[in-house]
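I record what I looked up and how each term was defined.

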Amino acid sequence: MSAILDAIPYARFLGVALERTPTGIECVLPFRHEIVGNARLPAVHGGVLGAFLELTALLRLIDENGTERIPKPINFSADYLRSAGPTTTRARAEIFKLGRRIATVHVVAWQDEAARPVAAGNGKFLL
Amino acid sequence: MAESRRYALQGFFGPGRDEMVSHTPHAAYLGMRVIEIGAGFAICKLPYREEIIGDPQRRVVFGGAITTLLDHASGIAVACALEELIPVATIDLRIDYLRAATPGLDLFGRSECYRVTRNVAFARAIAWDRDPADPFASAMGAFMLGANRSGVPFSRDGEGGGAPA
């Protein structure tokens, strides 16, 4: 899985890493100046958070299905719940429905406490 | 009779300026540019480059980079629809991927803020590479007004904060 992450230039650019926990995979987005959207707060750019959610959803599907066919995103919806501060963000995805052609994946991202999510997403992918 | 409205950022309307991304480190880092802003709309450009590729074989841009482009354009479009400059924060954003963006071409996004209420503003956006009539993505977003004291995209005195987070 880490090889896939390494092969995706955008994932390398964001510096996303993958961790395998007893309950599944988690993606890690380290904080750095380049991902800041609001320099005054400072807060992670909403677009980066959205991209991170989407990447986590995609990796979850690849982990489930293998790499023969990389799923293509149909649409992705992100809810911004809290401002994401200057610290590490983590995300975890859950496959809600794995159909023959379409998969629905839910993703949650948090910083210090998993119970206080900073963003959540819902993606549909063509398998 | 034409309705005349005043906009807080009216003085900035027209072709984009460099300072519009300099307070948003991520946008500056991606080489994102504001092409044009006007009453309730913004057009941004995201140059095609190695870092935004999601599919190394087809060299297609990662969907998330398009999210960044349209989130950014939408935040600015909302700011350009306000009569008073107040902080703006994204509540939600939904992107539809209509087709793959053509490898090697710069990406453009245009967002229009079509409704402003007391607390929430609504924007819709499209992204294209060759022709705005043939978009590769579309988006809809809701934005919170007066969300925090530091979310102002750029201020009239030129020392504004970053773009909406």
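I took a residue as buried if 20 or more other C-beta atoms lie within 10 Å of its own, as exposed if 12 or fewer do, and as partly exposed in between, with C-beta atoms placed from the backbone. The model is predicted: local features need pLDDT of at least 70, side-chain atom pairs count only at pLDDT 80 or more, and totals for chains, interfaces and linings use all residues. Residues are numbered from 1 along each chain as its sequence is written, and chains are lettered from A and ligands numbered from 1 in the order in which they are written.

I then looked up the partners of E7(B); two strands pair if DSSP finds at least two bridges between them. Strand E3 (residues 41-46) of chain B runs antiparallel to E7(B), and six bridges join them. Here I noted that Phe41(B) has Glu112(B) as its bridge partner.

Strand E8 (residues 120-128) of chain B is also antiparallel to E7(B), with eight bridges between them. Phe108(B) stands opposite Trp128(B) of E8(B). A hairpin of three residues leads from E7(B) to E8(B).

Finally, I turned to the whole chain. Chain B has three helices and nine strands; helices (H or I, at least four residues) and strands (E, at least two) are DSSP runs, numbered from the N terminus. Of the 165 residues in chain B, 49% are buried.
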